[in-house]
Amino acid sequence: MAKIKSVYVCAECGYETNKWMGKCPECGKWNTFSEESRQPALVEEKKLKRAPGNGAPALEINDIPDEASSRMTTDIGEMDRVLGGGIVEGSMVLVGGDPGIGKSTLLTQLSANVSLRGERVLYVSGEESARQIKLRANRLGANTSGFYVLAENDVSIIERRMQEVMPTVMIIDSIQTMYMTEISSAPGSVSQVRESAAMLMRLAKTSGCAMLLVGHVTKEGAIAGPRVLEHMVDAVLYFEGDRSSQYRLLRAVKNRFGSVNELGMFEMTSEGMREVTNASETLLSERAHDASGCVVYCAMEGTRPLMTDVQALVTPTVFGNPRRMSSGIETGRLFLLLAVLEKRAALTLYNQDVYINIAGGMTLTEPASDLAVCAAIASSSKNLLLGADWALLGEVGLAGELRAVPHAERRLGECQRLGFKNVILPKANLKSIRIPEGLNAIGAETLFDALKFLGIYNAPGKYKA
């Protein structure tokens, strides 16, 4: 019997070494090496099985036939939106999210909907028994013909069952529980996850079966396992949301067949995931109309305009150093905007605690939300109410200037649809867009001008009494 040896594998890039290292020389990450046991003979056998592709010749780009990939709808509108119109034949999608967020529930509903269309679905679970999946299907009303369940961890056995069932869609729950007998390391290790995913990807591409892989996430929120896993798949979806709240957000962070950062919204109910088709109205339904520090902003999530409630609370500090806390925007961006407000808008904030919250569990990543955040801070600082029919858009520069935002016309259309009458946006955007009828679009060149339009100042350098 071959002697077992230990190797250290980087969880980020898969780099292997015979000794532990603090920093990976390949990707530069710290403390990412984990120990795995290997049998040399088995490693050689694995390398032989991973032999080269089909030997196809190289083709000129003009000689490759134009074939549009066929899509299959899931009959879950929000899921189809995030995927770019439906599931693509032969694609591989990775779905990540916190435990208990609803990944298995959503994929069970998807399996039932696809099987109702006359297609075959194979749900492979390495974490639950077939009886447990049956109980969840009963609760969701997902007992349909063509919906097959397999409780198995061995990828080679899964391949044989797949050839017997010949499914159109296959779900793996989860990729971290799959293993290959040719590799001696435990399931969930870097080698097992990487090789199991590579084997499943080959099955998907050769058979045309679409695969959805469930991925566990780490405490930092990233999908567990090697980073190469996210590079291998065609789409990466993250299921977000607070488990104490009924709303869930499905976000595409990678999609080879659709828009990136597309967002779908669901509500968790006892009957499963229910689509929230009018997400803007839902997010604003509980908005406070009689409180300072509340500003409405229209975000773009992929191709979808989404109205969000930006909230700020400014109070005198009781500590030696003022506190700055944010939920939904980067703390570094908040520090930058506070400095601009002090320097360019004459607000005194060095002795104030500042708290920012984006209602509904939303996360704002685009700089177009800068003006709304600044206005919310200024409103709370002076305890002045802003109009309930106002919305704000604009990126704020260090000089206090307002920079144009993309997709301004679509954002204005969403504001007009929800009944907003006044929108402040960068003046540069007014040159190239059509303003919806009945909407008063005000162009501002600087942050100071925008705050004057809102009534926070009477004259330059003077606060409104």
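**Entry 1: the chain as a whole**

I counted the secondary structure of the chain and got 12 helices and 25 strands. Both come from DSSP runs numbered from the N terminus: a helix is H or I with at least four residues, a strand is E with at least two. I noted that this is a predicted model, in which local features need pLDDT of at least 70 and side-chain atom pairs count only at pLDDT 80 or more, while totals for chains, interfaces and linings use all residues. Residues are numbered from 1 along each chain as its sequence is written, and side-chain values use heavy atoms, with hydrogens and water left out.

I looked up the extent of the chain: its C-alpha atoms fill a box of roughly 85 × 55 × 50 Å along the principal axes. The chain has 465 residues, and buried ones make up 50% of them. Buried means under 20% relative accessible area, exposed means over 50%, and partly exposed is in between, with a 1.4 Å probe and protein chains only.

I took the accessible surface next, which comes to about 22000 Å², with 50% belonging to carbon and sulfur atoms. The areas come from the Shrake-Rupley method with a 1.4 Å probe; for residues, only the protein chains shown count as cover.

I then checked contacts (heavy atoms within 4.5 Å). Of the contacts with a separation of 6 or more, 65% are between residues 24 or more positions apart.

For charge, I found 51 positive and 53 negative side chains, with the centres of the two sets 4 Å apart. Lys and Arg count as positive, Asp and Glu as negative; His and the chain ends are not counted. The place of a charge is NZ of Lys, CZ of Arg, CG of Asp or CD of Glu.

**Entry 2: aromatic pairs**

I found three aromatic pairs in the structure. Rings of Phe, Tyr and Trp (its six-membered ring) pair if their centres lie within 6.5 Å; planes under 30 degrees apart are stacked, over 60 edge-to-face, and the rest tilted. I looked at two of the pairs, starting with Tyr123 and Phe147. Their ring centres are 6.4 Å apart and their planes are at 55°, so this pair is tilted. Tyr123 is in strand 7 (residues 121–125) and Phe147 in strand 8 (residues 147–151), 24 residues apart. Tyr123 is buried at 0% relative accessible area, and Phe147 is buried at 15%.

Phe239 and Phe266 form an edge-to-face pair, 6.1 Å centre to centre with 75° between the planes. Phe239 lies in strand 11 (residues 235–240) and Phe266 in strand 13 (residues 263–269), so the pair ties together parts 27 residues apart in sequence. Phe239 is buried at 3%, and Phe266 at 0%.

**Entry 3: Glu78**

I placed Glu78 in helix 2 (residues 77–83). Its relative accessibility is 3%, so Glu78 counts as buried.

I compared each helix with its expected span, which is 1.5 Å times one less than its number of residues. Helix 3 (residues 103–116) has 14 residues and should span 20 Å; its end C-alpha atoms are 20 Å apart, which agrees. Gly118 follows helix 3 and has a positive phi, near 90°.

Helix 6 (residues 190–207) has 18 residues and reaches 26 Å from first C-alpha to last, close to the 26 Å expected. Its buried residues include Val190, Met199 and Leu203. Gly208 follows helix 6, and its phi is positive, near 80°.
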